[in-house]
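Have a look at the model first.

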Amino acid sequence: MKDDHLDHLIGAHLDGSITREQHGELEQRLLHSASDRARFWQEAQTHAMLHAHSQAAAPIPLAPQPPPPQGRSLFRMGQWRPLTAAAAGLLIGLFSASLVFGVVVPSLRTRVELLHEDFESGAKPAVNGQIPLAPGAWSGDLTELSEARGGITPVDGRHMLRFLRADSEGQTLPNSFSSDCFRLIDLRSYQKEIASGKAMVRLSALFNGDPEPADGPFACVLKLYALDSALVEERQAGTFTRSIRERMLANSSTTRVRLDSIPQSWQRADNELRLPAGTTYLVVQIGVTNESKQPHARRDSFGAHYVDRVQVVLAQIPEITLP
């Protein structure tokens, strides 16, 4: 017999919307019921296969939900209370399959959430046009924290990040067409994992917008840059005057996910980067670009574009066997 309530709990876990109370209930059911564990395994495998073949830009409808306490998502990987030993042993492959890149990895311990940003801390990004010199803050082009606006509601809590212009405070760049925000992440405590050559980071974010049709089209920007300590230290000391692109160890870019201009749905975009040995810092870049081809039209103003729930995950991935 189909158990709709169990399927609802499993579905909430797999799509990341599960609450603390639901997680406790699901854990107990999986601990004490072999049939429930079998159902979880079946659903997790299906979810992983669908995720691996889904389009990155598939619209994500927002169902009305009461906000969790303090307006923050309760269930983040780095904050979860660990499952009991029995549950972890039974479900270790399942959680890995459903949460890490759509492929199975050896264990939960190989997946670390480096960043989960829903812009609820109240910390405003700096608008100096620069990549941050230190971890823990956003900076870049002109942006602002925004509450619900123009029919667009934040994914989590009360706030989202609004892109305003393709330049920074005190600077005008009329030929620029991308508004970007950056964050520096410290990876020095993960050197053992990175040295293996199997470490990969995945950046994901939800985008939304409600621009005038004649102003676009617009696309999401997600980029990752792997850096070493020497470069970051030189920037902090003020002695680094070259472009980061000249000294980065590796980078990856996603810039072709078009926004659909449907304010009732958020679109997910993803980007991945395999980290070279020696990577000690990661630069995350999120933004929106105006891809209009109208001649002589300025593309440096935004204002109706938003991002929310920015996540960065570090995981170990198996080698791909070559023929």
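## Inside the fold

Of the protein's 323 residues, 48% count as buried. Keep in mind that this is a predicted model. The chain has seven helices and 12 strands. Take the contacts between residues at least 6 apart in sequence: 76% of them join residues at least 24 apart.

Now for the packing. The largest nonpolar core has 37 residues, and the ones touching the most other members are Phe-207, Leu-275, Leu-282, Val-284, Ile-286, Val-307 and Val-310. Apart from this core lies another one of 12 residues, including Ile-131, Val-232, Phe-240 and Val-283.

Leu-282 makes a handy example. Setting aside neighbours within four places in sequence, Leu-282 is in contact with Arg-183, Leu-184, Ile-185, Leu-187, Val-201, Leu-224, Tyr-225, Ala-226, Leu-273, Leu-275 and Val-312.

On to the second largest pocket, which has a volume of about 610 Å³. Which of its 25 lining residues lie nearest the centre? They are Gly-129, Ile-131, Phe-182, Tyr-225 and Gln-285. Several elements each supply at least two residues of this lining: strands E6 (178-186), E8 (218-227), E9 (250-258) and E11 (281-290), plus helix H7 (244-247).

Here is the lining of that pocket by class:

| Class | Residues in the lining of the second largest pocket |
|---|---|
| Nonpolar | eight residues |
| Polar | eight residues |

Conventions. Residues are numbered from 1 along each chain as its sequence is written. This is a predicted model: local features need pLDDT of at least 70, side-chain atom pairs count only at pLDDT 80 or more; totals for chains, interfaces and linings use all residues. Side-chain values use heavy atoms; hydrogens and water are left out. A nonpolar core is a set of buried Ala, Val, Leu, Ile, Met, Phe, Trp, Tyr and Cys residues joined through side-chain atoms within 4.5 Å. Buried means under 20% relative accessible area, exposed over 50%, partly exposed in between (1.4 Å probe, protein chains only). Contact means heavy atoms within 4.5 Å. On a 1 Å grid over the protein atoms alone, a cavity is a set of points where a 1.4 Å probe fits but cannot get out, and a pocket is an open set with protein on both sides within 12 Å along at least five of seven lines; lining residues have an atom within 4 Å of a point. Grid points are joined across faces, edges and corners, and a volume is the space filled by probe spheres set on the points. Helices (H or I, at least four residues) and strands (E, at least two) are DSSP runs, numbered from the N terminus. Ala, Val, Leu, Ile, Met, Phe, Trp, Tyr, Cys and Pro count as nonpolar, Asp, Glu, Lys and Arg as charged, and the others, Gly among them, as polar.
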